[in-house]
Amino acid sequence: MVKSLLEYNKLSTDAKIKKETIDFGEIINREVSSFMPLIESKQIAFSKEMPEKVSLKCDEKLMSMVISNFLSNAVKFTPENGDIKITVAESGGKITFLIFNSGSEISKEDAPHIWEELYTGSESRSRDENSTGMGLAVSRVILEMHGFTYGFKNKDNGVIFTFYE
């Protein structure tokens with residue numbers, strides 16, 4: 001938790017990022033591979049739909065943190081035998097990233113707060129007692145530093161988190 005707080009504080013006060021055009025698909029694949037043992041242990045059906053080559057102008061290290069945070073939450077809140085799907089679309093040279101996970105929705109009470117630091121949510125979703133409440137707050141700061149739009153949407157059978165240029 002201390003590490004997350006320090007990272008958040010650093011990002012919040014030092015708004016310098018190093019944007020370079022990178023292979024965004026490579027970041028996604030690298031982060032997915034680090035979560036595969038957990039995905040497989042929960043027997044989650046995982047799928048990914050994205051162009052073969054996806055370029056994105058961003059800070060690679062910071063964007064890796066966002067993808068890792070989104071994946072971590074997706075895996076945490078997907079029940080055994082559930083589904084996770086990553087979709088990356090490109091239109092007009094702009095990227096849209098979506099990650100869907102089956103499972104419970106985010107409650108109306110939690111929705112306004114999930115991007116806040118140290119917010120771990122109500123009991124409506126099965127919370128992990130090891131959660132620091134910093135993953136989405138750090139992701140929010142990083143996405144805002146990049147000028148990306150972000151959000152989430154409840155679906156009948158899960159949640160979609162997204163960001164786009």
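How close do the axes of helix H2 and helix H3 come, and at what angle do they cross? The model is predicted, with local features needing pLDDT of at least 70 and side-chain atom pairs counted only at pLDDT 80 or more, while totals for chains, interfaces and linings use all residues. Residues are numbered from 1 along each chain as its sequence is written, and side-chain values use heavy atoms, leaving out hydrogens and water.

**View 1. Crossing of H2 (residues 24-41) and H3 (residues 60-77).** The two axes come within 9 Å and cross at roughly 35° (axes are lines fitted to C-alpha atoms, for helices over the stretch in contact; angles run from 0 to 180 degrees between N-to-C directions). Helices are DSSP runs of H or I with at least four residues, and strands are runs of E with at least two, numbered from the N terminus.

**View 2. Kink in H2.** A kink of about 50° lies at Phe-35, shortly before Pro-37 (the angle between axes fitted to the seven residues ending there and the seven starting there). Phe-35 is also one of the buried residues of H2 (buried: under 20% relative accessible area; exposed: over 50%; partly exposed: in between; 1.4 Å probe, protein chains only).

View 3. Ser-102 is buried, with a relative accessible area of 9%. Its C-alpha atom is separated by 5.5 Å from that of Asn-157, 55 residues apart along the chain. Not counting residues up to four places away in sequence, Ser-102 touches residues including Phe-77, Asp-83 and Gly-158.

Methods: Contact = heavy atoms within 4.5 Å.
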